[in-house]
Amino acid sequence: MDIRTFQTVIDETYGARDRARGEAAAFLWFVEEVGELAEAIRRGDEAERLGEFGDVLAWLVTLATLHGVDLAAAAARFAAGCPKCGGRPCTC
Ligand SMILES: [Zn+2]
């Protein structure tokens with residue numbers, strides 16, 4: 001699934017609830033999920049890591065949508081390598 005499709009799916013699935021909850025609450029959910037990801041990386045098994053990476057990605061997408069950011073466009077900054085030096089690998 002590409003990033004734009006993922007952002008659309010997440011918005012169709014959770015967007016109405018996320019907009020009602022608001023940006024600040026969504027940000028707290030995102031941070032909470034990052035904490036759960038840290039726990040999964042430290043002590044989790046493969047299935048737990050897979051789940052938590054998915055949750056963090058979904059909340060990142062939600063935040064982008066709530067702030068009117070197209071994540072595919074954001075990712076495109078890195079399409080040719082480092083957006084600063086243009087290197088691939090980065091030579092900054
Ligand atoms: Zn660089």
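Let me begin with the contacts, meaning heavy atoms within 4.5 Å: in the protein chain, residues 24 or more positions apart account for 58% of those with a separation of 6 or more. This is a predicted model, in which local features need pLDDT of at least 70 and side-chain atom pairs count only at pLDDT 80 or more, while totals for chains, interfaces and linings use all residues. Residues are numbered from 1 along each chain as its sequence is written, and side-chain values use heavy atoms, with hydrogens and water left out.

As for secondary structure, the protein chain has four helices and zero strands, where helices (H or I, at least four residues) and strands (E, at least two) are DSSP runs numbered from the N terminus. Of its 92 residues, 28% count as buried, that is, under 20% relative accessible area with a 1.4 Å probe and protein chains only.

Now to the nonpolar cores, each a set of buried Ala, Val, Leu, Ile, Met, Phe, Trp, Tyr and Cys residues joined through side-chain atoms within 4.5 Å. The largest of them has seven residues, namely Ala26, Phe30, Leu37, Val56, Trp59, Leu63 and Leu66. Two or more residues of this core come from each of helix H2 (23-43) and helix H3 (46-66), and H3 gives the most, with four. Apart from this core lies another, of six residues, including Ile10, Val61, Ala64 and Leu71.

Finally, let me return to Leu66, which, once its neighbours within four places in sequence are left aside, is in contact with Asp18, Arg19, Gly22, Glu23 and Ala26.

How values were computed:
Buried < 20%, exposed > 50% of the residue type's maximum accessible area, 1.4 Å probe, protein only.
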